[in-house]
Amino acid sequence: MTTPQVIECSASCTVTVVHELALPVLSMSTEDAAQISGAVLLVWVVGFAFRMLIRTLYIDSGSTNSEDNS
C-alpha cells in the first residue's frame with residue numbers, strides 16, 4: 001500500500017515507519033464475513049417469523065370477534 005519511510009540515526013540504528021490504514025472490516029476473511037452475514041440473516045428470519053406469528057394470531061382473533069358481532 002504505502003512506501004515505508006526509513007530513518008537512519010547517527011548511533012547506527014535504523015527506524016522504519018510504515019503508515020497504513022487498517023480497518024478490521026476490510027481485513028476480514030471470507031469465512032468470517034459469511035458467519036457474520038449468516039448471523040444477521042438468522043436474526044432477521046427469527047424476527048420475521050415472530051411478526052408473522054403475531055400477525056396470524058391477531059387476524060385469527062379479529063376474524064372470530066367480527067363474526068360473533070355480526
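Trainee: Why does Leu-23 count as partly exposed?

Mentor: Leu-23 has 41% relative accessibility. Buried means under 20% and exposed means over 50%, with partly exposed in between, so Leu-23 counts as partly exposed. Bear in mind that this is a predicted model.

Trainee: Thanks! Where is Leu-23 found?

Mentor: Leu-23 sits in the loop between β2 (14-17) and α1 (30-69). Leu-23 is also one of the residues of a nonpolar surface patch, together with Leu-21, Val-25, Leu-26, Met-28, Ile-36 and Val-40. Together they have about 730 Å² of accessible area.

Trainee: Now the aromatics. How many aromatic pairs does a search of the whole structure find?

Mentor: The search finds 1 aromatic pair. Trp-44 and Phe-48 form this pair, with ring centres 5.3 Å apart and planes at 10°.

Trainee: Why is the pair of Trp-44 and Phe-48 called stacked?

Mentor: Take the two values in turn. Centres must lie within 6.5 Å to pair, and here they are 5.3 Å apart. Planes under 30 degrees apart count as stacked; these are at 10°, so the pair is stacked. Both residues lie in helix α1, 4 residues apart, about one turn of the helix.

Trainee: Are Trp-44 and Phe-48 exposed or partly exposed?

Mentor: Trp-44 has a relative accessible area of 55%, so it is exposed. Phe-48 is at 37%, so it counts as partly exposed.

Trainee: What share of the 70 residues in the protein is buried?

Mentor: Buried residues make up 0%. The protein exposes about 6500 Å², and carbon and sulfur atoms supply 64% of that area.

Trainee: Where is confidence lowest and where is it highest?

Mentor: The protein has 1 helix and 2 strands, running β-β-α from the N terminus. Strand β1 (residues 5-8) has the lowest confidence, at a mean of 66, and α1 the highest, at 84. The mean pLDDT of the protein is 79, and 66% of its residues reach 70 or more. Where pLDDT is low, predicted coordinates should not be read in detail.

How values were computed: Residues numbered from 1 in each chain as written. Predicted model: local features only at pLDDT ≥ 70, side-chain atom pairs only at ≥ 80, totals over all residues. Heavy atoms only, no water. Patch = residues over 30% accessible without salt bridge, like charges linked within 9 Å, V, L, I, M, F, W, Y side chains within 5 Å. Areas by Shrake-Rupley, 256 points an atom, 1.4 Å probe, with all protein chains shown as cover. Salt bridge = Lys/Arg side-chain N within 4 Å of Asp/Glu carboxyl O. Buried < 20%, exposed > 50% of the residue type's maximum accessible area, 1.4 Å probe, protein only. Phe/Tyr/Trp six-rings, centres within 6.5 Å; stacked < 30°, edge-to-face > 60°. pLDDT = per-residue confidence, 0-100.
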